[in-house]
Amino acid sequence: MKQLLIVEDDPGLQSQMRWCFSDDIDVSVASDREAALTALRRLEPQVVTLDLGLPPDPGGASEGFALLEDILRLAPMTKVIVVTGREDKENAVKAIGMGASDFYQKPLDADILTFVVNRAFRLAELERENRELASQGNGTTIKGIVAASPEMLAICRTVEKVAPADVTTLITGETGTGKELLARALHDLSHRADKPFAAINCAAIPENLLESELFGFEKGSFTGATQSKKGKIESANGGTLFLDEIGDMPMALQAKLLRFLQERVVDRVGSVKPIPVDVRVVCATHRNVQDLISQGEFREDLYYRISEITLDVPALREREGDALVIAQSLLKTLGKQLDRPNLCFSEDAVQAINTYGWPGNVREMINKVKRAIIMADGKRITADDLVLPADGCEADYQLNLRQVREAAERKAIMQALTTSNFNMAQASRLLGVTRPTLYNLTDKYRIETSTASSGA
């Protein structure tokens, strides 16, 4: 049922406006600011028509503007249609600027009012559908990244902002948190997307080979160099160079890398002719660079050169709600790859996923989900299939909707009573319920309704 709240102090206009609408719209009426706020909390209407001239200032607009601010603060998704006099265009423009979605000028015309209100309902419905569609996705526009937590979504938004700018970026975070995926996103979302993306793991290549891999070499520069070869930096010319685990780069190479970042020229091993290179550099490490600097294992000047922008990727255990979202996505993707597309997680598996610490982050989760898909006997993957401890008691409480709702209700009632100094009428208005309902709730949760008993 569509909910419409009419805020109008004239009883005659209230009656006329109420009968303008069809039976599929549930119409409520409020004649002042306090009654309107109570109805807003209780009914949560999608659309509000608001007459700016409300008591105690029926001839002005101060009370109406104050109520408009309250509505937009308490229910920002609500569509507010401001009702003004025919000559009062200035207030209508001001109201739209404050956040009202539309305005309607008196005198009353049933057809026009119905059209404006139905348009507001349609807009509210479209916005609701868009929010639902957005919530069904991965929550990000970055390929390979599945996230719903505010922490990870903030990182993704930063990547989208930084990508178009040619700044050297340092990505830090534990192993398995998706640092390379973010590095690729910085490349894919930049103007260099159609150019090469060259990656090298500084920890995986022996020190004596890393220099030639990075900078290249000339023919005859060392034994076995039978021909000249470009290094990774030259191979990425015009594109992006990703230096993974830069915290493990030897000190001697750090000096040469610093010179390249300053001059943007490459000196091949065995060559005296510098080669200019246009490349964006993105670095990543799982180590604490500040600790490495204090221990003399990493150059401080190089750190400041590579960290024009720093992205600190949170561990999976620090991303509330992401573990289950990622596990569900992996189950769907890997299930198709392994020809077992109809599997689902059992209750104990969901609880285990939510409570486990995931020290290996997403990489560990990929391994466990893949193993579980292979080992599961039936259609449901259990905590044993995931090789995770089934700690059910705490998770059962977290997933028990009745207990969560009751705890939230009790907390809200106590806060309203404290705020109103245990005035039941005022507390009921704050909560958006009637006084009899509030008395029933205080009896249900055995909440004392006097300050004296509360103090005791």
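Biologist: What share of the 456 residues in the chain is buried?
Modeller: Bear in mind that this is a predicted model, where local features need pLDDT of at least 70 and side-chain atom pairs count only at pLDDT 80 or more, while totals for chains, interfaces and linings use all residues. Residues are numbered from 1 along each chain as its sequence is written, and side-chain values use heavy atoms, with hydrogens and water left out. "Buried" is under 20% relative accessible area, "exposed" is over 50%, and "partly exposed" is in between (1.4 Å probe, protein chains only). Of the 456 residues, the buried share is 43%.

Biologist: What box do the C-alpha atoms fill?
Modeller: That one is taken along the principal axes. The C-alpha atoms of the chain fill roughly 100 × 60 × 50 Å.

Biologist: Of the contacts with a separation of 6 or more, what part comes from residues 24 or more positions apart?
Modeller: A contact here is heavy atoms within 4.5 Å. Among contacts in the chain with a separation of 6 or more, the part from residues 24 or more positions apart is 67%.

Biologist: Which residues does Asn91 touch, leaving aside neighbours within four places in sequence?
Modeller: Asn91 sits in helix H4, residues 89-98. It counts as buried because its relative accessible area is 18%. With those sequence neighbours set aside, its contacts are Leu52, Ala61 and Phe65.

Biologist: What about Pro107, which residue joins it through a cis peptide bond?
Modeller: Pro107 belongs to the loop between strand E5 (102-105) and helix H5 (110-136). Omega is about 5°, and the residue joined to it is Lys106.

Biologist: Trp358 has a positive phi; what is its value?
Modeller: Most residues other than glycine have a negative phi. Trp358 lies in the loop between helix H14 (347-355) and helix H15 (361-375), and it counts as buried because its relative accessibility is 2%. It is not a glycine, yet its phi is about 50°.

Biologist: And the positive phi of Asn361, what is that value?
Modeller: Asn361 lies in helix H15. It counts as buried because its relative accessibility is 0%. Although it isn't a glycine, its phi is about 55°.

Biologist: Which aromatic pair is stacked at 6.2 Å centre to centre?
Modeller: Rings of Phe, Tyr and Trp (its six-membered ring) pair if their centres lie within 6.5 Å; planes under 30 degrees apart are stacked, over 60 edge-to-face, and the rest tilted. The whole structure holds three aromatic pairs. One of them has 25° between the planes: Phe197 and Phe242.

Biologist: How many residues apart are Phe197 and Phe242?
Modeller: Both are buried. Phe197 is in strand E7 (residues 197-201) and Phe242 in strand E8 (residues 240-244), so the pair links distant parts of the chain, with a separation in residues of 45.

Conventions
Helices (H or I, at least four residues) and strands (E, at least two) are DSSP runs, numbered from the N terminus.
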